[in-house]
Amino acid sequence: MESTFGLLALSPPGWGGTLLIALWASIRIAVGAFGIGLVIGLAGAYGKIYGGPVLRDCLSVYTTMVRALPELILILLLYFGLTDLLNRALMALDFGRIQISGVVAGIIVLGVVQGAYATEILRGAILAVPSGQIEAAKAMGMPARKVASRITLPTMLGLALPGLSNLWLIATKDTALMAIVGFNELTLATRQAASTTKAFFTFFIAAGLIYLVITLLSTWGFARLERWARRGDPPRQTGGR
Amino acid sequence: MSIATTAPPASITARAEAIRVEDLHKSFGPHEVLKGVSISAKEGDVVTLIGGSGSGKSTLLRCVNFLETPSSGRILIGGEEVRCRGDGTPADRRQIERIRQSLGMVFQQFNLWTHKTVLENLIEVPVHVLKKPKDEAIATARKLLDRVGLSAKENAYPAFLSGGQQQRAAIARALCMEPRAMLFDEPTSALDPELVGEVLAVIRSLADEGRTMLLVTHEMKFAREVSDHIVYLYNGLIEEEGPPDQLFGAPQSARLKQFLKSVS
Ligand SMILES: Nc1ncnc2c1ncn2[C@@H]1O[C@H](COP(=O)(O)OP(=O)(O)O)[C@@H](O)[C@H]1O
Ligand SMILES: [Mg+2]
């Protein structure tokens, strides 16, 4: 026991501090990617529902491709492909090469992946909003933007949150895939700690517990949010089935 | 022919036209639902549309506030013509929004916003679209809720109200806009029979205070009592129209006679 606490101590030679810094990096990537995913998803959902045929086709290619390919391949493709493309463009314009920071790259890459799933989740939720809710708003002279922000989005939130909650949990775990491009997030840091100290069990269980705590806190938070979003739902019939 | 003897009484001509529909056509794809309908409601008039299911009553009402885009024809609200492009779609989004704000629409299915309390439903557009001060909007809303007998329910969500209460709240929501005219599309058709009366009472009080209304209803007795003019639609055309006593008392067309027999 003594040695376990020693290994996990916050300051060296303990690895706790390293793990927490890596955890912080993971959380930043997950939050950023989820946020970008929501923005892409909202734009994508509205584009798929109300956009012209060209826009709709483009969005379909995006959501189908992203959802078809394994995330690991997407991350390698987007990470190396995008940085390479960016640097070529910069070289052509006589700027020097740049090194994209791991956090920024992670947020963008995972955000693009999350956006594809969010597009479908939000599209389904928007279409499930009863048309009468939107007609009442239009009939009172609400401009389209206001209808979206004040009526459609709040109404579809309760329908979208279970899917979005899943997506967030996937985001927290997909950060581990950033280890493949050498980004120092929680999983990579855990592996380094484990292989340096040979205390594999200690560190992987510690990392597992951290992911579990993130999941439990998130589930609790999303459940509260959903209860609030569904505050106007009709009372549930209880008993019988 | 002397002009003086044929001119209508001054009391009629003096009132401005609130709603005017001229030769309205509306098709959904190949299916022509309205085939040239003209109606007019002067300020203070209650004009009631009756007719069988699918005759185009809702479509006509929805064209008046452009929830449906007319295929052809003219629509004038308070003398102002809605400008349209060549394809019939409204040319000016702002104009449509302004006109919709002046027409309070009440739907068969109430359509209160489910995620807002009754009071929030009432102040939504005044505060967030018309930018009225919130306390002013709340004061107006409370007055109207009191009028429709829902003061005790201002903090309830719509799903927790009866159908009759929801429809009364929806009427109050429309009144919050201080509309020039009201459009009712079968406001009592989704209600249990015992709840119809409380909603009709509210609508009657609006008619009594001289509000302009376009009303679609199957409540023939009520229509006869409150209306100034009845329009019987059949298959997208006006089959017969006139004052209620004439239309219900001495219907001319065979179809109207048949229709009145079927609903009584
Ligand atoms: N959005 C729509 N698309 C296609 N057909 C429609 C649409 N709305 C109404 N219709 C058709 O138009 C006809 C008239 O409908 P409606 O105006 O609702 O009749 P009413 O209100 O008199 O019962 C019906 O045959 C209906 O099926
Ligand atoms: Mg109808």
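**Salt bridges and an interface: worked exercises**

B:Arg20 and B:Glu22 form a salt bridge, with the closest N and O atoms 2.7 Å apart. The model is predicted: local features need pLDDT of at least 70, side-chain atom pairs count only at pLDDT 80 or more, and totals for chains, interfaces and linings use all residues. Residues are numbered from 1 along each chain as its sequence is written, chains are lettered from A in the order in which they are written, and side-chain values use heavy atoms, without hydrogens and water.

**Exercise 1.** Find where B:Glu178 and B:Lys132 lie in chain B.

*Solution.* 
- Their side chains meet in a salt bridge (3.5 Å, N to O).
- B:Glu178 sits in the loop between α7 (163-175) and β7 (181-185). B:Lys132 sits in the loop between α5 and α6 (134-147). Helices (H or I, at least four residues) and strands (E, at least two) are DSSP runs, numbered from the N terminus.
- The two residues are 46 apart, so the pair links distant parts of the chain.
- B:Glu178 is exposed at 57%, while B:Lys132 is partly exposed at 25%.

**Exercise 2.** Describe the salt bridge between A:Arg150 and B:Glu124.

*Solution.* 
- The N to O distance is 2.5 Å.
- A:Arg150 lies in helix α7 (residues 144-174) of chain A and B:Glu124 in helix α5 of chain B, so the pair joins two chains.
- A:Arg150 is partly exposed at 23%. B:Glu124 is buried at 2%.

**Exercise 3.** Describe the extent of the interface between chain B and chain A.

*Solution.* 
- Count contacts (heavy atoms within 4.5 Å): 26 residues of chain B touch 22 of chain A.
- Buried area is the accessible area (1.4 Å probe) that two parts lose on being put together, summed over both. Here it is about 2200 Å², and carbon and sulfur atoms give 58%.
- B:Arg100, B:Trp113 and B:His115 supply 27% of the area that chain B buries against chain A, more than any other three residues.

Note on methods. Salt bridge = Lys/Arg side-chain N within 4 Å of Asp/Glu carboxyl O. Buried < 20%, exposed > 50% of the residue type's maximum accessible area, 1.4 Å probe, protein only.
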